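Hi,

Here is the structure I promised to pass along. Have a look at it first, and my notes on what turned up follow below.

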Amino acid sequence: MRIDGKGLIDRSVTVPFAFDGQRYHGFAGDTLASALLANGVRTVGRSFKYHRPRGLLTAGSEEPNALVTVGQGSDATPNLRATTQEIYEGLTAVSQNRWPSLNFDVMAVNDLFSPFLSAGFYYKTFMWPKSFWQRVYEPIIRRSAGLGSLSGDPDTARYEQAYAFCDLLVIGAGPAGLMAALTAARAGADVILADEDSRMGGRLLAETEPLDGEAAHIWVARVLDELATMDNVRLMPRTTVTGVYDGGTYGALERVTTHLANPAPEAPLEAFWRIMAKQAVLATGAIERPVAFPMNDRPGVMMAGAVRSYLNRWGVAAGQKLAVFGNNDDAHRTAHDLHEAGVEVVALIDSRADAAVSGDFPLFTGAQVINTRGRKSLGEVHVQTASGVEVIEADCLAMSGGWNPTLHLSCHLGGRPVWNDNIHAFVPDPKNCAGLHVAGAAGGVFSTKGALKSGVFRAREALKALGMKAPSMPLPVAGDAEYAITPLWQVKGRKRAWLDFANDVTTKDVELSARENLASSEHMKRFTTQGMAPDQGKNSNIGALAVLADATGRSIAATGTTTFRPPYVPVPIAATGSAGAGKGFAPERFMTSHDRSQELGAPMIEAGLWYRPSYFPRKGEKNWRQACDREVGMVRGAVGVCDVSTLGKIDVQGPDAAAFLDFVYT
């Protein structure tokens, strides 16, 4: 439901859209996820294996549940995250992985057979009779697999490839990224500031904490206004840096017109950028991690930070009766923000017995959620306290198991992160980040003041490497609350507890992997499919590693992470290969004599990518051999003309020849 006086959306502009054939409306600035939540839509998809109902879990590109198909026919694009898809007039979206409908999915029968469909079941079944694999088993599995599907029609959308060069690339426009970009820009460096969101500001847009004596989003707007007026700065919203490559090269996907109802005909849908940066600052923030408690996958169980985002940025309450469950102080902010907005908070549950909690709502310390009830929407939360089990009526449970730095890009060149006991998470190893300076929450600095300070510091490091002098940068006044956390990875019980919500991987699957002696993180990943497909480890990786470490008697640090590889988010092949569409797939190269050859009726053949005449027929000649015999006679008895313009070369001379060629080819 919408909350009056909350959010950064434009309520003067109503935007109609459709989901699963039902008409709804939202407001300018809404994502599909926030608009559906505001309209009371709780179930947005079905899980991959068991086809269990799935609701929104997060508010960003890490969303594992709310994958939808947008558009129709040849314009349909599957597997888009509702949390990043902006609504526009006429948007048509449908849910996926269900038949015949989202509310009644026949394949949900798989959930009844879950004891027989545990991790790795496909390695031990479908073995007999041998002839059934190709004729029966494989066709059935292939029809059942997958989430969204392509239409089969040619993609008529336009895509582009683009190149950019800069002194400093700042990845992420939260507090650390904004301060890094502002510092470098004032020093005169050529700066590109890229952020995956449609609106820059990061977590500052989702919090009520003031910044420099004013609302944080106002401070963000002032900084962006200054950056926008600078000729040496390029702002790139809706642009996700997807990969890090050798030589300071970065791949990035820009969603150019995915948010527009009527884009210009010449405008591409998406563009894939190759950015060459002399230095870079990684300010990608952090991703909140879930707690694996029994039946934690019901629609209505969400991340606490996401609940706060929907409230403060989009003016949407994720429910009417909300409970909050966490192991860290940050979760408390969600309860207080909801209460101050007039939303009923039915419980704040902190697993730490010594937690300092306050609030005009029921408080439980040293308590854990041990079960939930409800099928297509959360109805009850069962809480184990020191005095017994409390049954709490709630339609939304905001959970927080802490935060993981978004360090993926720092590992794309083969580096491994290191474990930080203070925040109970992996952080980038500076030795693996040559030319890439990690700032803010991406480096484990979670307070707003710390992130701002870190952004300036990392920008100064980059400027020093560029041989430039950093200006004096006064820091805005911001909160500096300590990040207090006691790790809680799972709440054990008889019922299933999910780690990877997209692939239906539970704690029992990871424990089974350990019993099968697939005890390395890489083997466990392949055995269980944890972290594959939509999740890519963003939500489930550390929780799964913690369960694996417990099952094998090791620490999380000793267990280690899986390998981080690009792309960070899905990249359409049409975007990376846009030059290969149509005739671009097989470029036609014509010689200087091409037009004259066609006038003479010569059939053309491809020879080394060039179109050459195969022979020159004349009236009365019945086959190619007669034409070739005549040509041979002319060459030997008189004269022949051969076009060898394809063998030409370009001679570049001068003192700057090498620099010019470097510019052309890199």
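In helix α6, the buried residues are Ala-304, Gly-305, Ala-306, Val-307, Arg-308, Ser-309, Tyr-310, Leu-311 and Asn-312. That is nine of nine for the helix, which covers residues 304-312, so α6 is largely enclosed by the rest of the structure. Bear in mind while you browse that this is a predicted model.

Next, Thr-507, which sits in helix α9 (residues 507-515). Is Thr-507 buried or exposed? Its relative accessible area is 5%, and because that falls under the 20% cut-off, Thr-507 counts as buried. As for what surrounds it, setting aside neighbours within four places in sequence, Thr-507 is in contact with Ala-292, Gln-490, Ala-497, Leu-499 and Val-547.

Val-644 is another one to click on. You'll find it in the loop between α15 (624-637) and α16 (657-665). With a relative accessible area of 47%, Val-644 is partly exposed, because that value lies between the 20% and 50% limits.

Now the overall numbers, in case you want them for setting things up:

- The protein chain has 16 helices and 31 strands.
- The radius of gyration is 29 Å, which agrees with the value near 26 Å that a compact globule of 666 residues would have.
- The C-alpha trace spans about 110 × 75 × 55 Å along its principal axes.
- Of the 666 residues, 50% count as buried.
- Among contacts with a separation of 6 or more, 64% are between residues 24 or more positions apart.
- The accessible surface comes to about 31,000 Å², with 54% of it belonging to carbon and sulfur atoms.
- There are 66 positive and 69 negative charges, and their mean positions are 7 Å apart.

That's the lot from my side.

Cheers

Technical notes
Residues numbered from 1 in each chain as written. Predicted model: local features only at pLDDT ≥ 70, side-chain atom pairs only at ≥ 80, totals over all residues. Heavy atoms only, no water. Helix = DSSP H or I, 4+ residues; strand = E, 2+ residues; numbered from the N terminus. Rg over C-alpha atoms; globule rule 2.2 N^0.38 Å. Buried < 20%, exposed > 50% of the residue type's maximum accessible area, 1.4 Å probe, protein only. Contact = heavy atoms within 4.5 Å. Areas by Shrake-Rupley, 256 points an atom, 1.4 Å probe, with all protein chains shown as cover. Lys, Arg positive; Asp, Glu negative; His and termini not counted. Charge placed at Lys NZ, Arg CZ, Asp CG, Glu CD.
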